Amino acid sequence: MGRGETRRRRHRESRAERPREGRTAAEMARFLSAALALVLAVLVAPLSAKLPSSRPHRKSPALKMDEATLTVHNELQSEMMVSFLSDHCYQCMYQQLGVVPAGAEPGVPGKVDLTVGTQFPVTLQLNSTLVNLEFQYHFGEQGNYSVWVKNLNDSSQVNCSLVTDTEPVNSYLQMTLSFSSLEAVKSVLVRWGNAMETERLINSELGPPNRAVEPSVETAVPATSGRRLRSLDTFRGIALIIMVFVNYGGGRYWFFRHESWNGLTIADLVFPWFVFIMGTSIAISINGALRRGVRRSHLLKKVVWRSVQLFLIGVILINPNYCQGPLSWVSLRIPGVLQRLAFTYLVVASLDVLVARDKLDNIQTDVWWYKASDFLLYWPAWLCVITLEIVWLCLTFLLPVPDCPSGYLGPGGIGDFGKYPNCTGGAAGFIDRWLLGENHIYQTPSSRVVYQSTIPYDPEGVLGSINSILMAFLGLQAGKILLHYKDLHSKIMARFLIWGVVLGMISAVLTKCSKDHGFIPINKNLWSLSYVTTLSSFAFILLVVLYYLVDVNKWWSGAPFFYPGMNSILVYVGHEVFEEYFPFRWRMSNSQSHAEHLTQNLVATCVWVFISFVLYKNKIFWKI
C-alpha cells in the first residue's frame, strides 16, 4: 500500500470517528446565525415602518405605545367637553377626555391637545350647550389628528370634521418581518429534530413519559406503542413557548395580552392547553405504572408529593423578593399558575389512580357499550367531575354576594354602566377575598385596563380551579382514547374530532355565538364553563392535527416545540426566575417601541428553545 493511500485511509477513519459533539457545535452555530438574522430583521423593521408622510409634521406631546395625539379645535362660543368610549368596553360609561375652551373670537378657535388610545376603535362624544356630537374612529399609533368644530356660514348648523395631520406608523410591520425571519430558526431546528429516535424513560410535565403500551417484539413499532408520543410533547411545547413569549411581553401587542374580560386573545389559549395535555399525560403515565405492577397506594403518595412540590415552587416563583429584603407575609400571594396546576393534578391524578385499569386487552368486545368503553369504564370519576361542576354552577349563580346581583359575571368598575363597581368577578372574587384575604390575591387584574376596576381579583382563584379540573379531565379522556384504541389511528382521530365538535357545540349554546350576550360568556379571568369547553374543543382539534402529522405519517418531527415540551417544568420555572437577566432582558434605547420589545421577547423565547435543545441532546431532564 502506498504512502498516499495510507494517508487517505487515515483521513477517512478520522472522519468516521469524529465525535457527534463537533456536529452539534456546527448546528449551534447555524442556530446562532439564524437568531442573529432574526434580530437584524426586527431592528430594521422600524425603519421600514416609518414611511415619509405627505403632510407636514406637527410637534406633539411624547407618545407611548398604542397612543395618538388628537387636537380638538372649537370655534363655537361655548366650551366643549370631550368624552370617549372604547368599543372593547361592554356596557361602559363614557370617560372624560378633556375640556376645550370656547373660541376667543370668530376665526380664533379654542383648542386642546389630547391623547387617545389606538388599540381599539373608540366613540368620541363632543358636548356643549350648543351641540351634542358623536362619531366613531379607529386612530393609528403615533398619528396626529385634528377635529374641527365650527358653524357653517354663520348659521346655527354645526360642522365637525376629522383631519389626519401626520400619518400613523405601521406597528404591525415589525411583527410580520420578525415572524418571517423565524422561518430561518425553524428550519435549523427542524433539521436537528428529523431523526425520530426512541426516547428513554423520563419525566415530562407532571408524570412519566407518554408510553401507551410496552414495546412490541420483533415488529414494526406503530405510532402509539413502544414509543413516546411526540405529538403530546409537541403540543405541550407549543403551549409552553407561546406562554413564555406572552409572559415576556409579546412585543406589547394587545392580542398577546390577556383579554380584559370576556373574549379570547392568543395569550388566553396557552394555560388551558397546558392543563389539557397534563391530563393526557396523567392517563398514559398512570396506566404504564399500573402495568409495571406499581401499587395504587404508592402512586397516590407520589401524586400528593408532586402536588406539594409544585405548589411550593409556585408560591416561591410569584413572591420572589430577590433584592428587596425579607418577604412580608402580609402581602404574600397564594394562588398562581403552578399552584393551580398542583391542585388540578392532585384531584385528576387521584381520581385516575382509583379508577384506572391496569389491563385493557381483556375487555369484552361483544357488549353493547364497547364502542364507548373509553368513557363508560370510568363513570365514577366522571360522576365526581360532574358533581364538582354542579357545585361551580351553584356557587357562581346562587351564592349571595354583598351589594352585587346574584349570578353576576361582570368586571365591575365602569362596566354595566357603573352600577356594580366593587363586584369584579361576582362569586369567584368574593370567595377569594373571603377565604384568602384581599392582600393575598392578585392586585392588578386585567380588568383594570379597560374597565378600570379597583378591587383585587385573582384569575387563578379558588372557584376557577373547579373548571381547571374539568379541563384536565377532558385531557385525561384524550389519553384514555389513545390507550383504548392503540394503533387504530383512524378511530383515535375520529374520536378526537367527535369530542372537539361536541364541545364546540356546547360552547355555541352557552355563549349564543357571541362575546358578551351568552348565558355564560367565554372568560379567562373566571375560567368560565364556556371557556373550558371552547379551549378543550380547540385542544382536541389541534391534537388531531399534531397526531396525524407527527406520529402517524411522521411528516414533521415536532421541532422546535418538541424540545421544550420534553423539559416543560424546567423551562417554565427558568423563564420566570431569569426574566430580568441578560440575555432575556436588556435596557432598550426606546422603551415605547413595539419593535424593540418584540426583538427582546423573541430573542428571549428563542434562547429558551435553544437551552431546551441543548438539554435534550445531553439527556438532561428535570422531573418532579
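Mentor: Here is a chat about this model, from its overall make-up to some local details.

Trainee: What should I know before I start?
Mentor: This is a predicted model, so local features need pLDDT of at least 70 and side-chain atom pairs count only at pLDDT 80 or more, while totals for chains, interfaces and linings use all residues. Residues are numbered from 1 along each chain as its sequence is written, and side-chain values use heavy atoms, with hydrogens and water left out.

Trainee: Okay, how many helices and strands does the protein have?
Mentor: There are 17 helices and eight strands; these are DSSP runs numbered from the N terminus, helices being H or I with at least four residues and strands E with at least two.

Trainee: And what share of the residues is buried?
Mentor: Of the 624 residues, 53% are buried. Buried means under 20% relative accessible area, exposed over 50% and partly exposed in between, with a 1.4 Å probe and protein chains only.

Trainee: Switching to cavities, how many are there of 30 Å³ or more?
Mentor: Five. On a 1 Å grid over the protein atoms alone, a cavity is a set of points where a 1.4 Å probe fits but cannot get out, and lining residues have an atom within 4 Å of a point.

Trainee: What is the volume of the second largest cavity?
Mentor: About 50 Å³, where a volume is the space filled by probe spheres set on the points, and grid points are joined across faces, edges and corners.

Trainee: Which residues line the second largest cavity?
Mentor: Among them are Trp 392, Thr 396, Leu 409 and Leu 526. Helix 9 (379-398) and helix 10 (427-435) each give at least two residues to that lining. By class, the lining has six nonpolar, four polar and no charged residues. Ala, Val, Leu, Ile, Met, Phe, Trp, Tyr, Cys and Pro count as nonpolar, Asp, Glu, Lys and Arg as charged, and the others, Gly among them, as polar.

Trainee: How many aromatic pairs turn up?
Mentor: The whole structure gives 32 aromatic pairs. Rings of Phe, Tyr and Trp (its six-membered ring) pair if their centres lie within 6.5 Å; planes under 30 degrees apart count as stacked, over 60 as edge-to-face and the rest as tilted.

Trainee: Why is the pair of Tyr 253 and Phe 255 stacked?
Mentor: Their ring centres are 5.5 Å apart and the planes are at 10°, so the pair is stacked. Tyr 253 is buried at 2% relative accessibility, and Phe 255 is buried at 16%.

Trainee: What about Tyr 408 and Tyr 420?
Mentor: That pair is edge-to-face because the planes are at 65°, with the centres 5.3 Å apart. Tyr 408 is buried at 8%, whereas Tyr 420 is partly exposed at 26%.

Trainee: Which ring does the charged end of Lys 480 sit over?
Mentor: The ring of Tyr 378, 4.2 Å from its centre. The test is NZ of Lys or CZ of Arg within 6 Å of the ring centre and within 35 degrees of the ring normal.

Trainee: Last topic, the backbone: which residue does a cis peptide bond join to Ala 559?
Mentor: Pro 560, with omega about 0°. Pro 560 is in the loop between helix 14 (529-552) and helix 15 (562-566). Another cis bond runs from Phe 582 to Pro 583, with omega near 10°.

Trainee: And what is phi for Lys 554?
Mentor: Near 55°, a positive value in a residue other than glycine. Most residues other than glycine have a negative phi, and most peptide bonds are trans. Lys 554 is also in the loop between helix 14 and helix 15, and is partly exposed at 37%.

Technical notes
On a 1 Å grid over the protein atoms alone, a cavity is a set of points where a 1.4 Å probe fits but cannot get out, and a pocket is an open set with protein on both sides within 12 Å along at least five of seven lines; lining residues have an atom within 4 Å of a point.
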